[in-house]
Amino acid sequence: MSDKLATILQAARDHAEQVILPNVDAWNAAKKWPRDASDKAGAAGLTGLYAPEEFGGQGLLLSEGIQVYEQLGLGDGAYAFALSMHNICTFAGCGYGTDTFKETWARDLTSGRKLANFALTEPQSGSDATNMYSRAVINDDGTWTISGAKAWVSLATEADIYFTVVKTSDTPGHKDMAMIAIPADTPGLSFGPLYDTPSYNFLPLAEMYMDKVVVSEDNIILPIGQGLQGSLMAIDIARVSIASGCCGLMQAALDTALSYSKNRKMFGGKNLDLDGIQWMLGEVATDLEASKLLYRKAAESLGTPEGPLMAAHAKRFVPDAAVKAANTCTQVLGGMGLLQPYGLDRLSRLAQMLRIVDGTTEISRVVIGRALQKRAATLSDLPVPKGFGEAG
């Protein structure tokens, strides 16, 4: 591990321990994104992880920067998720945006002074990204006029710019899709009511509406024909980032259970001395170690032909393991695990949320299943018994 990465990971851990954990319950009660906290994250170098140093970023490899969310996940998985999406957008803007866009936005995004988020999913289509109704019309002066709606937009009403995927014709398929960044103050851009999410109410999530929104061609991030491919890459990064954050969540749940059970007196001893408790928490510990290895391997594969499959493996396995870990650690505390001060109810709900966002675990199973079909086609056939009356 490089000294730079070690410094960034320590900064993320400090941020989780000093900024997130002491305040997350108050954030949820206030139902408001903690802009002062994300400002501190920016000052700590956590909002431009993959962006070039020339734009004020850290210049980390994806495989390095993604480890930050494991540390942030010790504090809160939803907060880690929001910063991961901002970093993906910042990476895209600094890497693929126009020169004018970079001059206008790059340093504000890498510093965290302005926040960005990604808008792909639509209300009626979910994971079926090619079934998109948002349309962009290219005007004679080069501007784009966009109409449509997006769903599950995080940092809704709070982000300063939204990296939005649109179609540019009514032709079925993805060859006409593009990505364009829409500033939050653009006329015609609005949001629906915030979703009611009890365990992460501080993270604003809502539908986003575009009513003849006009955007400069300078804000094109991915041109026509590259929108879906770029979006899928962004989703792969997001899936591995979520797996990273889930590892932090699992560690937080495990540490809570250990801290409690080492002092809880029952049956003439401490809970942690009981074989049953050790076995339960031992399974959590093994799943955590396996999850760390898997997400880090997936992070190293991003951008290679194996990247999408490895991201699917990470998104399939790790959030499921996190749900199991949170539930097991709650069980170890017994009735006390249901009480808010211990935080396990919040972690359980967060783990379930992280199973769903950026592609459900079932979608990951589809990706894995298709890869297995391709592998099966390369293998020699084995004889299969014939049924009664079946032609030989």
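Ala51 is buried, with a relative accessible area of 1%, and its place in this predicted model is the loop between α3 (35-43) and α4 (62-65). Once residues up to four places away in sequence are set aside, Ala51 touches Gly57, Gln58, Gly59, Thr90, Cys94 and Thr110. The C-alpha atoms of Ala51 and Thr330 are separated by 39 Å, and these two residues stand 279 residues apart along the chain.

**Buried residues in a helix and in loops**

- Asn28 belongs to helix α2, which covers residues 24-30, and because its relative accessible area is 10%, under the 20% limit, Asn28 counts as buried.
- Thr197 sits in the loop between β6 (189-191) and β7 (205-215), and with a relative accessible area of 6% Thr197 is buried.
- Leaving aside neighbours within four places in sequence, the contacts of Thr197 are with Leu203 and Leu205.
- Gly359 is found in the loop between α11 and α12 (361-378), and a relative accessibility of 10% places Gly359 among residues that count as buried.
- Although Gly359 and Ala312 are 47 residues apart in sequence, their C-alpha atoms are 9.0 Å apart in space.

**Helix α8 with helix α11**

- Helix α8 (residues 227-261) and helix α11 (residues 344-356) have axes that come within 10 Å of each other and cross at roughly 160°.
- Why are α8 and α11 described as roughly antiparallel? Their axes cross at roughly 160°, and angles over 145 degrees count as roughly antiparallel, so the description applies to α8 and α11.
- The crossing in which α8 passes α11 is left-handed, and the contact is made by Ile242, Cys246, Leu249, Ala252, Ala253 and Thr256 on the α8 side and by Leu344, Leu347, Leu350, Ala351 and Leu354 on the α11 side.
- Divided by class, the residues of this contact between α8 and α11 are 10 nonpolar, 1 polar and no charged.

**Helix α8 with helix α9**

- Helix α8 also packs with α9, at an angle of about 160° and with the two axes 9 Å apart, and α8 and α9 are therefore roughly antiparallel to each other.
- The crossing of α8 and α9 is left-handed.
- From α8, the residues that meet α9 are Val240, Ala243, Ser244, Cys247, Met250, Gln251, Leu254, Ala257, Leu258 and Ser261, while from α9 they are Ile277, Leu281, Val284, Ala285, Asp287, Leu288, Ser291, Lys292, Tyr295, Ala298 and Ala299.
- How many nonpolar, polar and charged residues are there in the contact of α8 with α9? The residues divide into 15 nonpolar, 4 polar and 2 charged.

**Helix α9 with helix α10**

- Helix α9 (residues 275-301) and helix α10 (residues 307-333) pack with their axes 9 Å apart, at an angle of about 160°, which makes α9 roughly antiparallel to α10.
- The crossing of α9 and α10 is left-handed, and the contact of α9 with α10 has 17 nonpolar, 6 polar and 4 charged residues.

**Positive phi values in strands**

- Trp152 lies in strand β3 (residues 144-154), and although Trp152 is not a glycine, its phi is positive, at about 55°.
- Is Trp152 buried or exposed? Its relative accessible area is 51%, and because residues over 50% count as exposed, Trp152 is exposed.
- Lys212 has its place in strand β7, and its phi is near 55°, a positive value in a residue other than glycine.
- Lys212 is exposed as well, with a relative accessible area of 60%.

Note on methods. Residues are numbered from 1 along each chain as its sequence is written. This is a predicted model: local features need pLDDT of at least 70, side-chain atom pairs count only at pLDDT 80 or more; totals for chains, interfaces and linings use all residues. Side-chain values use heavy atoms; hydrogens and water are left out. Helices (H or I, at least four residues) and strands (E, at least two) are DSSP runs, numbered from the N terminus. Buried means under 20% relative accessible area, exposed over 50%, partly exposed in between (1.4 Å probe, protein chains only). Axes are lines fitted to C-alpha atoms, for helices over the stretch in contact, and angles run from 0 to 180 degrees between N-to-C directions. Angles under 35 degrees count as roughly parallel, over 145 as roughly antiparallel, 65 to 115 as roughly perpendicular and the rest as oblique. A crossing is left-handed if the near helix is turned anticlockwise from the far one by less than a right angle, and right-handed if clockwise. Contact means heavy atoms within 4.5 Å. Ala, Val, Leu, Ile, Met, Phe, Trp, Tyr, Cys and Pro count as nonpolar, Asp, Glu, Lys and Arg as charged, and the others, Gly among them, as polar.
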